[in-house]
Each structure stands twice: as C-alpha cells, then as structure tokens.
Amino acid sequence: MSIPQVDNHSIGPYMSVTQMMPLPQNTPWGNLGLKSLKIVQRIEHINRRIRQAYQSFEETHRIKAVAHDFESLEVEEVIYWIRKSVDEFVQLLYVAEQFHAKGSYPARIEIDCIGELLKRSDSDLYRMFNRHHAKLRQLNEVGNAYKHSFLGSELSLVGRDEPVVFSLSAPRNDLANPVQFNSIRLADFVQHFDELYQFVRGECVRLLLGPNGEQRAPTSSSVAAPSGNSGGNAGSKSVS
C-alpha cells in the first residue's frame, strides 16, 4: 500500500534548516523564519503519524482486532495537527498580506483560524484562498466534530481498503441542526493539505520578499493600527 506524505522540501533523510522559508526574522510578531521552521517540524511529525496510521491499519486488518483500533486514534491525531497547521497558515498569510499591502505589520490578527476566514467572504484573504474553500470547510467540519461532537464520540468505523477519516456531528451539539457525516480517504486529506502547504509557502515568499528574494523593509511604522475591517487586503509524494 502506498503511503501518502506531505512534501516538506527535504533534501535528505534528516530535517534541515534549509526547509524553512526565508522570512523576516525581526517583526512585532516575532521571528517569522523560526515560525516557518516550527511548521516544518510539525509537518515532519504529521508525516510520521500518517505512516503509523497506515501501519496500524494493516496490522488491525491482519489480526482483525478492531476492538484495539489504534488506527482511528492516529488518524484523529493527524487531523488535529493538520487543523492546527492550517490555522497557523491563515495567521501567517494575514500578517504577510497586511505587510505587503500597507508596508507595516498588523497590531491585531483579525482572521486567525479557518472558521473566521470562512466567515470573512468580503476580505482579500478569503479571496486569496479561493481554490481551497471547499476543502477548508471540510477540514473545519471534521476538526470541530473530533473536538466537540458528543454524537460522534461512539463512532466505530474503519476503512475497508485504507485509512479513512470518519466524523459524525450535530453542529453545536444541537439535534435540531442537520446531522453532518463525513467519510474521506486519509490520502485525499493529505493531498489537499499538501496542496495548501505549497500554496502558503509560495504566497509568503511573494508577499514578504522582494523580487530577488531579499527581505523587504517596512515602509511605514512597523506596527499598523487595527483596521476595523474584515481583514483588509489581507504535489504530495508517496513512500511505499
């Protein structure tokens, strides 16, 4: 079985600082380069957990020990780390877009997670993620179900041929709301996350660096006051 992996720009068997994005180091929000390194480290961990989920899937089906379903817990952990990473992508691109548009860093990150992004359909940041809206909604729904759903806490489903992400929820744990059920191949989740990760890397470099890769200096006060608006202008690989 082929195991999907996120392309983390590795150049060898070990993690390297060359994988981090060459982002500004001295900003009011800290060292953006080190933030990108933390993202790289987290994705290395995600890739390990993906491999473990596939191995547990094969072991569970080999011994038919569904009562000891470690695979579903490992899939849930993968989704948790993907969700956390995407929330950070949103924050990073908000800061980068504001710097690019105004020449200074925002004093407040007004769009700081997937849910808030999806509410701000009038913002430039929302439009920036235009190709990814459907998958972001899906990730948000599944992530919220894993975190909050009482209806789905007894869900005991496993994929037939490969690891599958299952979720069941009534939004806000209110049975008056339509019940939401998701069944998505883990491989599809990984592919969509990989596409988003490569997009964010490219956009951060475009927004924060000059045409020759040099770091752009602020053109106004290093911190801009909150705008009060809705955010301003705000290739996966496999291992066998």
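Beyond its neighbours within four places in sequence, Leu-93 is in contact (heavy atoms within 4.5 Å) with Leu-125, Met-128, Phe-129, Phe-199, Val-200, Glu-203, Cys-204 and Leu-207. Numbering starts from 1 along each chain as its sequence is written, and side-chain values use heavy atoms, with hydrogens and water left out. Because the model is predicted, local features need pLDDT of at least 70 and side-chain atom pairs count only at pLDDT 80 or more, while totals for chains, interfaces and linings use all residues.

**The core**

Next, select Val-86, Leu-93, Leu-125, Phe-129 and Leu-186. These are the residues with the most contacts inside the largest nonpolar core, which has 52 residues. Such a core is a set of buried Ala, Val, Leu, Ile, Met, Phe, Trp, Tyr and Cys residues joined through side-chain atoms within 4.5 Å. Buried means under 20% relative accessible area, exposed means over 50%, and partly exposed lies in between (1.4 Å probe, protein chains only).

Colour the helices that supply the core: α1 (32-63), α2 (70-102), α3 (114-119), α4 (124-128), α5 (133-148) and α6 (186-208) each give at least two residues. The largest share, 13 residues, comes from α2. In soluble globular proteins, nonpolar side chains tend to be buried together.

**The whole chain**

Zoom out and switch to a cartoon. The chain has six helices and six strands, taken as DSSP runs numbered from the N terminus (helices H or I, at least four residues; strands E, at least two). Read from the N terminus, the order is β-α-α-β-α-α-α-β-β-α-β-β. Of the 240 residues, 47% count as buried. The accessible surface of the chain is about 12,300 Å², and 51% of this area belongs to carbon and sulfur atoms; areas come from the Shrake-Rupley method with a 1.4 Å probe, and for residues only the protein chains shown count as cover.

**Helices α2 and α6**

Hide everything except α2 and α6. Their axes come within 10 Å and cross at roughly 20°. Axes here are lines fitted to C-alpha atoms, for helices over the stretch in contact, with angles from 0 to 180 degrees between N-to-C directions. The two helices are therefore roughly parallel to each other, a label for angles under 35 degrees. The crossing of α2 past α6 is left-handed, meaning that the near helix is turned anticlockwise from the far one by less than a right angle.

**Two stops on α2**

Select Phe-70, which lies in α2. Phe-70 counts as exposed because its relative accessibility is 52%. Its C-alpha atom is 9.7 Å from that of Glu-59, eleven residues apart along the chain.

Move along to His-100, also placed in α2. His-100 is partly exposed, at 36% relative accessible area. Leaving out residues up to four places away in sequence, His-100 touches Arg-206, Leu-207 and Arg-216.

**The loop between β3 and β4**

Last, select Arg-172, in the loop between β3 (164-169) and β4 (180-185). Arg-172 has a positive phi near 60° and is not a glycine. At 81% relative accessibility, Arg-172 is exposed.

Asn-173 is found in the loop between β3 and β4 too. Asn-173 is likewise not a glycine and has a positive phi of about 50°. Its relative accessibility of 44% makes Asn-173 partly exposed. Most residues other than glycine have a negative phi.

Methods: Angles under 35 degrees count as roughly parallel, over 145 as roughly antiparallel, 65 to 115 as roughly perpendicular and the rest as oblique.
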